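User: I would like to learn how to read a structure of this kind, starting with its contacts and helix packing. Could you take me through it?

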Amino acid sequence: MRVPLSWLREYLDFDLGVERLVELFTLHSQEIDGVYRLGVAEGEVVVGEVVEFGPHPNADRLSVAKVDLGGREVQIVAGAPNPYPGARVPVVLPGSVMADGTKLKKAKLRGLESYGMMMSERELGISADHGGILLLDGSYEVGQPVAEHFPVGETVIDIDVTPNRPDLWGMIGVARELAAILQTDFRIPEPSFETGGEPTSDFGLRVEAEDLCPRYDLRRVSGLTPGGEAPLWMRRRVHAAGMRPINAVVDATNYAMLETGQPIHAFDAEKVREGIVVRRGRAGEKITLLDGSTRSLDDEMLVIADEERGLVIAGVMGAEDAEVGPGTTDALIEVATFAGQNILRTSQRLGLRTDASGRFERGLDPNTVDYAMERVAGLLSGVAGGRVADDTLGHYPEPVRSWRVPLRLSRARLLLGMPVEAEEAARRLASLGCEVGGEGEELSAVVPTFRRDLRREADLIEEVGRLIGLDKIPEALPGARQPGGLTPEQRNTRLVRRVLADLGLSEAITYPFGPGRWTRDLRMDGDGEPGVVRVENPLSAEGRDLRPTVLPGLLDAAARNRTFGARGGGLFEVGRVFAPSPPPKGLDEAALHFRMTGKVEALGPDAEPNRLSLMGVREEARVCVVLAGTVRPGGWNVPELRAGYFEAKGMVERLLPGASFEAGAAPDFLHPGRSAVVWAGNERAGWVGELHPEVSEKFGLDGWPVAAFELEAGLCRPDPEPRFRPFVNVPAAPRDLAVVVKESVPAGGMIAAVEGLGSEMLVEVRVFDVYEGSQVPEGYKSVALGFLFQGEETLTDEEVDVEMERIVVRLGEEFGARVRS
Amino acid sequence: MTATDRIEELKNAALAAVRAADTTAALEELRVRYLGRSAELTEIKKSIGKLSQEERKGVGRSANLASREIEGALAARTDALAAAEREARLRKEAVDATLPGVPFPRGHLHPSQRIIDEVVDFFVGLGYGVAEGPEAETDYYNFTALGIPPGHPARTMQDTFFLDEGLVLRTHTSPVQVRTMLSQEPPVYVVCPGRTYRRDSDPTHTPMFHQIEGLAVDRGLTLGHLKGTLAAMARHVFGEDVNVRLRPSYFQFTEPSVELDVSCFRCGGSDAHCKVCKGAGWLEMLGAGMVDPDVLEEAGYDSEEYTGFAFGMGPDRMAMAKYGIPDLRLFFEGDLRFLRQF
């Protein structure tokens, strides 16, 4: 709501700079979206009389005038050609500052001195009209300040009205609010007009759609002077409030709307056939609006029609047919209330929001109609010379009455956390228009019907609190009533992220929705796959599918980084993945019921379907890592780290110590020979591997090594619960063993076999070298194992030899391993 | 020449040789030559027994004195040479200390996640728990349970992504609060961080963003508790010196509703051209309020017995303010040039 301050001063007196005003509004009521200035910010505008006017000798498009400013004559260069000798014009004097901050100086324009400037309506902030110099009538005395007639500069504050306060969409509401903040009085203009115009009852009024139209009033104003534009003061205010001045009748209705917050419509009575009908739109009905567009109606849209055709889409916009125009002499004025939600729906359906619909959609107070009708009638007859009908046609079957809301002071103090005196609470509520009764600690307020947001005690407490000032509330902290903390799972996830960052990776957060090609390019669109969860209304096809794995978003990011010159890198993300999970057979209805109402219908005496099974989507938290290209550049003393299976696997082992790896079973998007399924005990924890070259190519990563893994976040154990194991202070005996086995023998199996021997002396076994080449036969490899033995007492060579022999035998039996000499 | 003279001669020769020696190896040779088993001085000592009683005393003493003097000189010279040699070796071992060390590169946590961690840690310290919920949420929990039934205007304000019938991508983390209230009796102290989704995409809106909402329900909670809690949180995240202010506002699930502004931590309001606050001096930080009695009742809590406050903030925007990030879209592109700055 744009509030011109000079207009606001008509309703109340205040002596505040605009900054303080903005601050007060911000701290006690609504946010201020902006402050605008129009016209002349500083300086003087005086009435001048043109003495001579002619072309500029050195410029085709300029003119030059001699202007009498009341006793002295000055020369002014002008861009507009409309002044003439004898015309009275506003002249802004040199030294003045315009609203946009430009300072006017005595200047030479194309060689001629120009003293100040003759002003257009736009330059004065009256309207957007910049077609010529504003010509003043004879009531403006030469040499006198123009400000004696109207303000030459204006400050407008733009209030960001919250949806619960439709009363602030009118100047009177804003004035009441400011008066309540300042604890002062405000005044409402007293409408006055002459009655005796043509009777409204020459027309009929029939409200068919009562549910969509709580109130409808119609009154006729006849004998209007045709063709007139509204007086300057009215146009000026309408313009400053952000609307376009059109003609006297329309401007008067808009002015009354800006003042009361109540939209008003005027029909040209001569074009209305028989009477006004308020009804729903009809199938196939079309209406051509003022903006020239033709709209199709439906039966959820409310139409104001006459007996023959639709005239207005109620609350939104009128048709050309019965609109008031320059020739209108007889008008029917509509002041009505429509169902807010319905207006909102219509305006959304049509993609058409207007000053009127924006107000109606919040739900207006039907009782405002009376004053608004009086006020607009008064304005109309005042600015367009009409006479108002004695009678009003009305439809208001269920008048809204005010209601009483109790207020306990104890409750106010509890909710606000500050002292509140009964007298002060009562005074604050009264300043908002409430009639406050009750006594002592128990008050009650009769709420005016224009404050539909004040229904409950808590609503009143909010009003009292904000008017006293939220800055008066002391800061306090509640005492801790329970031990807080992260759950073990949350601690674990946090640690996973920390560990991955400490391994040198960067945490990414990517969108969980992507294009259909994601699953195709990942070779996840086969028959056996579970499919994906679809977004019904994606922003574009690029966001149609919910990810079944975090991988594709990170691959896209890696490719993007490559485009911008990265030589590689490591990314990780902890996020959700989604899979369709249709409800059990026969429970589709129950599932929908649960999703819409939160309620689960029992299947039988003790059977209730599992809520999770009705969700329709299975959601899991995963941690995903993508290593691409050069993960870490080399240095003068260290080699670079390139993406590869073992780099990724090492990270898996860091996050999930004790994991086991099953080769040959990983998803199809991985390299079949360089990948594994990761197991945490008996639970499938995820996968690790190098990307399948075909997939790499699809994601624009061809030619780069790419390795990745994804694990169930909840199964990771980067910091397993420690447990003390006793140790002995005796020397340990290290032994090494190199064996030759077939290439296909898994080293992991050999280690498992050694550990399976259950030797009590063996405290450590590791692979320290794997060799294939000229030293071993074709198709074979040499695996070098390192062992560490330790016993209760110092072991003898003989004792260790016995253990080594058992190991050699076992490896020989199980893997055909021969000791390499 | 008497034996004593000979000893004197040997001693002087030894001392001169020691002085002249310039390696520890040469000194060892000298030790063998002058003090070793077959050295002349040793021979003289061995033969003392053959001398007369008178001679024995004089020769023995001067031989011993000479040995000791030579040993002393050897030791002193050895120490000196060893020190010099060590020094020379260390000089040779010197490296270019300005070369970079072996890299242990630090990784990077996402800026939004950093803020979330900070905020969550703060509330955990106050005894709050942390609750999470599904991102694919039911219509009921996302809307109806919060007082936004089908057809309510607020539904259209939150451009929603729809999934299967009755399912949406949650438009806020509020459903987590609902789920918490439905599963727990007061006192409730909980924060709910997470991803949220709205169908919106421009420089200042991304279709996915983060929220942290919080909820406290207990006996006797006031707007003062809300103010104190959130002011302390703001100081925790933005520094001890920031001020906060409450402004009235309007939200569906709270009454009274407020917004919390934080004084600009960069300029404190002193810079009309400040990049962080754009000269306003205040930064809009979060929306909050006392939980609407209807919402408490919907959760099965007695709204006469219990009061509560709720708040919601945008960690992405907080990160933008704190780290000076100009564009929200940067957060979700996985661009290493961006991520590596945090």
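This is a predicted model: local features need pLDDT of at least 70, side-chain atom pairs count only at pLDDT 80 or more; totals for chains, interfaces and linings use all residues.

User: How many residues of chain B are in contact with chain A?

Analyst: Two residues are in contact if their C-beta atoms, placed from the backbone, lie within 7 Å. Here 77 residues of chain B are in contact with 85 residues of chain A. On the chain B side, helix α9 (residues 223-238) gives the most, with eight residues, where a helix is a DSSP run (H or I) of at least four residues, numbered from the N terminus.

User: At what angle do the axes of α10 and α12 of chain A cross?

Analyst: Axes are lines fitted to C-alpha atoms, for helices over the stretch in contact, and angles run from 0 to 180 degrees between N-to-C directions. The axes of α10(A) (residues 409-416) and α12(A) (residues 457-468) come within 10 Å and cross at roughly 65 degrees, which makes the two helices roughly perpendicular (65 to 115 degrees). In this contact, Arg411(A), Ala412(A), Leu415(A) and Leu416(A) of α10(A) meet residues of α12(A) including Glu457(A) and Ile461(A).

User: How far apart do the domains of chain B lie?

Analyst: Domain bounds come from an automatic or database domain assignment, which for chain B gives domain 1 (3-93) and domain 2 (111-339). Their C-alpha centres lie 89 Å apart.

Definitions and conventions. Residues are numbered from 1 along each chain as its sequence is written. Chains are lettered from A and ligands numbered from 1 in the order in which they are written. Angles under 35 degrees count as roughly parallel, over 145 as roughly antiparallel, 65 to 115 as roughly perpendicular and the rest as oblique.
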